[in-house]
Amino acid sequence: MAKEPYNLLIKDAVYFERNQFQQGHILVKDGKITHILPMEQDVSQLDAARVIDGTGRLVFPGFIDSHVHFRDPGAVAKEDFFTGSCAAAAGGFTAVCDMPNVTPCTSTAAALTAKIMDAEKKSVVDFGFYGAAGFGNFDQLSAMNDIGIVGFKTFLQPGPKGQEENFSGLVAYDDGELWRLMQETAKTGTRHFFHCENYKIIEKMAAYLHEIGAEGYDFHYQSRPNIAEVQSIATVLQFARVTGQKVGICHISTAEGCELVRQAKAAGIDVVGETCFHYLVYSDAAIDEYGPFAKCNPPLRSQADVDGLWQYIADGTIDMIGSDHAPHQYEEKLVGLEKEIWKAPSGIPSIEAFIPTLLNQVAKKKLSVEQLARLVSENTAKVFGLYPQKGCIAPGSDGDFTIIDLQSETVLDIEKMYTKARKNNIMFDGTKIQGKLCYTIVRGHVIMENGMVDVGQKGWGQYLYQKNEDKEIDE
């Protein structure tokens, strides 16, 4: 092979492709993988600006976080797209999909365009955006879809008090609104994702718990029982069956919710199931211990649900895992520390703990490295219409890689995290990890090396304009 100036050579790589790990030398030029050479080929004379030795490491197609809240615009004291994307890179992610519940809400084409332009100046990793879909923005759905979103997102509960108008394009208040909304989004051909919790059940349970004075840390999961999620998922799936709308169920936390998704898939309903890593590892006992710092929606569940979710990882019901990275200011969390957890906002800023936590599950043999590759890269790229640009190590694909050493041991240290909300991560602090994130590489550029993010790459990230033509997950 003639000399050619490549951006990157990963030599002696053990890399994931076609459902298994293979061996070869990977070459990247102008952001794209150009060649994968056989291991026996001599690459010592190749001209590459950067050479990384893959010996003793696994090379994954760049991880994609299906579910983040970077709070930008509108709440940048909690996080902004620069700090959030740095946290993503530190956590091994080459791309993220950001939610629309910001201010202004990403519920219009104008708001979406402005958000793209701003994030392109800040992000160190690539990114896609969800478009908000609610009963108040039918006239904007087609325009946002034409710009290219990874999906629509709807909350089945009221917006925050005082922000009802801003979030009118994000919520469906009742089944009638949900039905009409799904009829409209079905016309776009784009998948519609839902935060499935029945707010009426939660509202009544919360009122009852207040009435009897049960306002300890367990208030959070007692007021949001499993049935609130399960009933909501059932309704979305019923409406999907009749409307023909492709749907996604976000952050499933219950085994029964997963079972509904499994049955719906078997019945031919086009549904994607997402869970989050914390539902696979942490039970509601973490809320009892850490209070507001373990508070998220849906809440952490019983150990029986934690154990039950793994069955649906194994059988493929769960298509992808996200972080639901949801930062808040430390002082906001402290409000709920004195046993009045309902006063504190929900959300865990967890993107930097995501992959390390799953590496421990790999070490325990609860998760294979092949499953890890599919659940946080390949499947995610296919769900969002990004495959094979993303989620794939093959000539022509983006040069995105997450490189991991499974033999090294590390310890999670929240003081070294990049998120603005690092102090909220006390439930992860000091956790021993079997494995180490070595590199995060975005389109041939090393963004993170051994835990250190190259902050000078601010603005390197690109928006992923997609038309959401889903790829079959079993390709």
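In this predicted model, K420 sits partly exposed, with a relative accessible area of 34%. Its salt-bridge partner is D80, and the closest N and O atoms of the two are 2.9 Å apart. The pair links distant parts of the chain: K420 belongs to the loop between β14 and β15 (432-442), while D80 belongs to the loop between β6 (63-68) and α1 (81-90), 340 residues apart. D80 has a relative accessible area of 14%, and since the cut-off for buried is under 20%, D80 counts as buried.

Take D398 and K32, whose closest N and O atoms are 2.6 Å apart. D398 is buried, at 3% relative accessibility, whereas K32 is partly exposed at 34%.

Then there is D126, which forms a salt bridge with K390, again with closest N and O atoms 2.6 Å apart. D126 lies in strand β8 (residues 126-132) and K390 in the loop between α14 and β14, so this bridge ties together parts 264 residues apart in sequence. Both residues are buried. Through shared partners, salt bridges join K32, D126, K390, D398, D400 and R443 into one network.

Some of these names turn up again around a cavity. A search of the whole structure finds one cavity of 30 Å³ or more, and the largest cavity has a volume of about 40 Å³. Its lining includes K390, D398 and D400, along with P61, G62 and I64. By class, the lining has three nonpolar, four polar and three charged residues.

Terms used: Residues are numbered from 1 along each chain as its sequence is written. This is a predicted model: local features need pLDDT of at least 70, side-chain atom pairs count only at pLDDT 80 or more; totals for chains, interfaces and linings use all residues. Side-chain values use heavy atoms; hydrogens and water are left out. On a 1 Å grid over the protein atoms alone, a cavity is a set of points where a 1.4 Å probe fits but cannot get out, and a pocket is an open set with protein on both sides within 12 Å along at least five of seven lines; lining residues have an atom within 4 Å of a point. Grid points are joined across faces, edges and corners, and a volume is the space filled by probe spheres set on the points. Ala, Val, Leu, Ile, Met, Phe, Trp, Tyr, Cys and Pro count as nonpolar, Asp, Glu, Lys and Arg as charged, and the others, Gly among them, as polar. A salt bridge is a side-chain nitrogen of Lys or Arg within 4 Å of a carboxyl oxygen of Asp or Glu. Buried means under 20% relative accessible area, exposed over 50%, partly exposed in between (1.4 Å probe, protein chains only). Helices (H or I, at least four residues) and strands (E, at least two) are DSSP runs, numbered from the N terminus.
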